[in-house]
Amino acid sequence: MLIVFLGPPGAGKGTQAERLAAELGIPHLSTGEMLRQEMQRKTELGERAAAYIHSGHLVPDDLMVDMVTQWLAGGMARNGAILDGFPRTVPQAESLEEALRERGQQVDCVIRLTADRDELRRRLLQRGRLDDNREAIEKRLEVYARQTRPLIDFYHDRGLLEQVDGMGTPEEVFERIQAAIRRRQAMQRP
Ligand code: AP5
Ligand code: MG
């Protein structure tokens with residue numbers, strides 16, 4: 001299964017995607033993690049992405065699409081994958097659709113994780129990553145609302161959306177996600 005995790009910063013995409021990937025035995029691609037590694041290694045991509053990440057803006061679509069299509073070309077997602085933090089704009093989603101189509105694949109399910117704004121802020125401030133300061137958090141929330149939320153309709157129209165409540169303990173949320181995946185698997189069976 002090719003699963004996309006969609007949700008605002010702090011919703012628990014990374015936490016839950018990692019668990020689900022282990023459970024399903026498929027790779028987990030977090031574009032945020034990948035970019036942070038590039039920054040740490042001071043690669044050209046890392047240097048270009050740093051200013052966007054630290055201010056809470058999105059890295060330009062062309063850089064992200066190149067990064068993800070290269071990853072797909074490596075064959076890692078042959079038996080499925082979990083994409084966490086990509087796509088994040090409609091052009092990214094369209095490029096992904098195209099790249100997968102070329103490989104005879106498609107997105108099978110989109111898990112939309114939701115949580116209250118106050119809870120999102122609380123989780124991020126507690127974590128304290130470099131882009132988890134108040135200013136960058138507000139920008140990330142605003143950017144999510146403006147640029148990423150349209151993907152909810154995009155995937156709803158394709159019948160792929162599973163809405164999961166991200167409030168509660170990580171264990172409670174994981175159980176809801178597992179239930180959503182089981183529903184999808186049942187729908188896919190002929
Ligand atoms: P990215 O790393 O993807 O950050 P994000 O989307 O802002 O989301 P987070 O990773 O902060 O939150 P999450 O939903 O994964 O939650 P998590 O599980 O960590 O992107 C960073 C930046 O990279 C972007 O701003 C952008 O600049 C760039 N970028 C990345 N992808 C891009 C793309 N496709 N296009 C353009 N730019 C891109 O949980 C958060 C915290 O809460 C953790 O401490 C966790 O332990 C805790 N927590 C999780 N679940 C619970 C729970 N149920 N109860 C209590 N605490 C919890
Ligand atoms: Mg994350």
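Colleague: At what angle do helix α2 and helix α4 pack, and how far apart are their axes?

Modeller: Please note that this is a predicted model. Two packed helices are described by the angle between their axes and the distance between those axes. Here, helix α2 (residues 31–40) packs against helix α4 (residues 61–73) at about 100°, and the axes are 12 Å apart. Angles of 65 to 115 degrees count as roughly perpendicular, and α2 and α4 are therefore roughly perpendicular to each other.

Colleague: Which residues of α2 and α4 meet?

Modeller: From α2 come Thr31, Met34 and Leu35, which meet Met64, Met67, Val68 and Trp71 of α4. The residues of this contact comprise 6 nonpolar, 1 polar and no charged.

Colleague: At what angle do the axes of α1 and α9 cross?

Modeller: The axes of α1 (residues 13–24) and α9 (residues 170–188) cross at roughly 55° and come within 10 Å. These two helices are therefore oblique to each other, and their crossing is right-handed. On the α1 side the contact is made by Gln16, Arg19, Leu20 and Glu23, while the α9 side includes Pro170, Phe174 and Ile181. The residues of the contact divide into 6 nonpolar, 2 polar and 3 charged.

Colleague: How many residues surround ligand 1, and which are the closest?

Modeller: Ligand 1 is surrounded by 30 residues, of which Thr15, His57, Arg88, Arg127 and Arg140 are the closest. A side-chain N or O atom of Arg140 lies 2.8 Å from an oxygen atom of the ligand. The backbone takes part as well: an N or O backbone atom of Ala11 is 3.3 Å from an oxygen atom of ligand 1, and a polar backbone atom of Pro170 is 3.5 Å from a nitrogen atom of ligand 1.

Definitions and conventions. Residues are numbered from 1 along each chain as its sequence is written. Chains are lettered from A and ligands numbered from 1 in the order in which they are written. This is a predicted model: local features need pLDDT of at least 70, side-chain atom pairs count only at pLDDT 80 or more; totals for chains, interfaces and linings use all residues. Side-chain values use heavy atoms; hydrogens and water are left out. Axes are lines fitted to C-alpha atoms, for helices over the stretch in contact, and angles run from 0 to 180 degrees between N-to-C directions. Helices (H or I, at least four residues) and strands (E, at least two) are DSSP runs, numbered from the N terminus. Angles under 35 degrees count as roughly parallel, over 145 as roughly antiparallel, 65 to 115 as roughly perpendicular and the rest as oblique. A crossing is left-handed if the near helix is turned anticlockwise from the far one by less than a right angle, and right-handed if clockwise. Contact means heavy atoms within 4.5 Å. Ala, Val, Leu, Ile, Met, Phe, Trp, Tyr, Cys and Pro count as nonpolar, Asp, Glu, Lys and Arg as charged, and the others, Gly among them, as polar. A residue is near a molecule or strand if one of its heavy atoms lies within 4 Å of it. A polar contact is a pair of N or O atoms within 3.5 Å; within protein, one must be able to donate a hydrogen and the other to accept it, and residues adjacent in sequence count only if both atoms are side-chain atoms.
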